[in-house]
Amino acid sequence: MAITNMLFLAAVATVSSESPLPSDIPPDAVFYTQEDVKRSRYPEPYYPPEAMAAKVDAEVVVDCEVNTNGRLKHCAVVIENPPGMGFGKPTAILFLKHAKVKTETGSIPPGTWKKFRFLWRYQDYQQAAHTR
């Protein structure tokens with residue numbers, strides 16, 4: 001996905017799932033939902049301010065539950081590297097807002113948890129920000 005599709009949300013939600021949580025989701029994981037997307041009021045493209053100042057790249061992995069129409073119901077941040085730089089929250093929101101998976105026969109059934117990996121690149125953000 002293009003950097004220009006990134007956004008940031010500040011809300012944290014609890015999750016109730018019909019499907020059991022995958023065992024590799026940490027017990028202290030923070031979940032984000034479609035309700036968090038609805039409360040979005042942040043500009044695109046987005047890059048965490050602390051990370052921008054430090055000019056760092058990042059890797060984030062979110063684990064998300066797929067709903068019946070292929071959209072993501074909620075996502076948990078399971079890897080954020082480097083930690084504490086503010087990449088987890090906007091990554092989860094980005095996937096909740098834009099991702100869709102195939103749920104037809106032979107594809108991912110609703111209720112399945114799917115991992116997504118996103119790489120943040122400072123240089124890509126700078127290029128996108130300067131072309132707006």
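Guide: What follows is a set of questions about this predicted model, each answered by setting a value against its cut-off.

Visitor: Start with the layout. How many helices and strands are there, and in what pattern?

Guide: The protein chain has four helices and four strands. Along the sequence they follow the pattern β-α-α-β-β-α-β-α. Of the 132 residues, 42% are buried. Among contacts between residues at least 6 apart in sequence, 76% join residues at least 24 apart.

Visitor: Why is the pair of Phe31 and Trp113 called edge-to-face?

Guide: Two values decide it. Rings pair if their centres lie within 6.5 Å, and planes over 60 degrees apart count as edge-to-face. For Phe31 and Trp113 the centres are 6.4 Å apart and the planes make 80°.

Visitor: Where do Tyr47 and Phe87 lie?

Guide: Both are in loops. Tyr47 is between helix 1 (34–38) and helix 2 (49–54), and Phe87 is between strand 3 (72–81) and helix 3 (88–98). The pair ties together parts that are 40 residues apart in sequence.

Visitor: How do you know whether Tyr47 and Phe87 are buried or exposed?

Guide: Buried means under 20% relative accessible area. Tyr47 has 2%, so Tyr47 is buried. Phe87 has 0%, so Phe87 is buried too.

Visitor: How many aromatic pairs does the rule give?

Guide: The count is nine. Ring pairs also link a cluster: Tyr47, Phe87, Phe95, Phe116, Phe118, Trp120, Tyr122 and Tyr125.

Visitor: What makes Lys114 count as lying over the face of Phe116?

Guide: Its distance from the ring centre is 5.6 Å. The distance limit is within 6 Å, with a further limit on the angle to the ring normal. Lys114 is assigned to the face of Phe116.

Visitor: Now Asp63. Where is Asp63, and is it buried or exposed?

Guide: Asp63 is in strand 2, residues 58–66. Its relative accessibility is 2%; the limit for buried is under 20%, so Asp63 counts as buried.

Visitor: Why is there said to be a polar contact between the side chains of Asp63 and Lys115?

Guide: The contact distance is 3.2 Å. The cut-off for the N or O atoms is within 3.5 Å, so the distance passes. Asp63 also touches other residues beyond four places away in sequence, including His74, Cys75 and Trp113.

Visitor: How do you know that Cys64 and Cys75 form a disulfide?

Guide: Their sulfur atoms are 2.1 Å apart. The limit is within 2.5 Å, so the pair qualifies. A search of the whole structure finds one disulfide.

Visitor: Why is the disulfide called right-handed?

Guide: The torsion about the S-S bond is about 110°, so the disulfide is right-handed. Cys64 lies in strand 2 and Cys75 in strand 3, so the bond ties together parts 11 residues apart in sequence. Cys64 is buried at 0% relative accessible area. Cys75 is buried at 0% as well.

Visitor: Which backbone values deserve a look?

Guide: The peptide bond from Asn81 to Pro82 is cis, with omega near 5°. Pro82 is in the loop between strand 3 and helix 3. Lys55 has phi near 55°, a positive value in a residue other than glycine.

Visitor: Is Lys55 buried or exposed?

Guide: Its relative accessible area is 56%, and exposed means over 50%, so Lys55 is exposed. Lys55 lies in the loop between helix 2 and strand 2.

Visitor: Last, why are the buried residues of helix 4 said to be on the same side?

Guide: The buried residues of helix 4, residues 122–130, are Tyr122, Tyr125 and Ala128. They cover an arc of only 125° around the axis, which puts them on the same side of helix 4. The face turned away carries the exposed residues Gln123 and His130. The buried residues pack against helix 2 and strand 4.

How values were computed:
Residues numbered from 1 in each chain as written. Predicted model: local features only at pLDDT ≥ 70, side-chain atom pairs only at ≥ 80, totals over all residues. Heavy atoms only, no water. Phe/Tyr/Trp six-rings, centres within 6.5 Å; stacked < 30°, edge-to-face > 60°. Helix = DSSP H or I, 4+ residues; strand = E, 2+ residues; numbered from the N terminus. Buried < 20%, exposed > 50% of the residue type's maximum accessible area, 1.4 Å probe, protein only. Lys NZ or Arg CZ within 6 Å of the ring centre and 35° of its normal. Polar contact = N/O pair within 3.5 Å; in protein donor to acceptor, adjacent residues only side chain to side chain. Contact = heavy atoms within 4.5 Å. Arc of directions from axis to C-beta.
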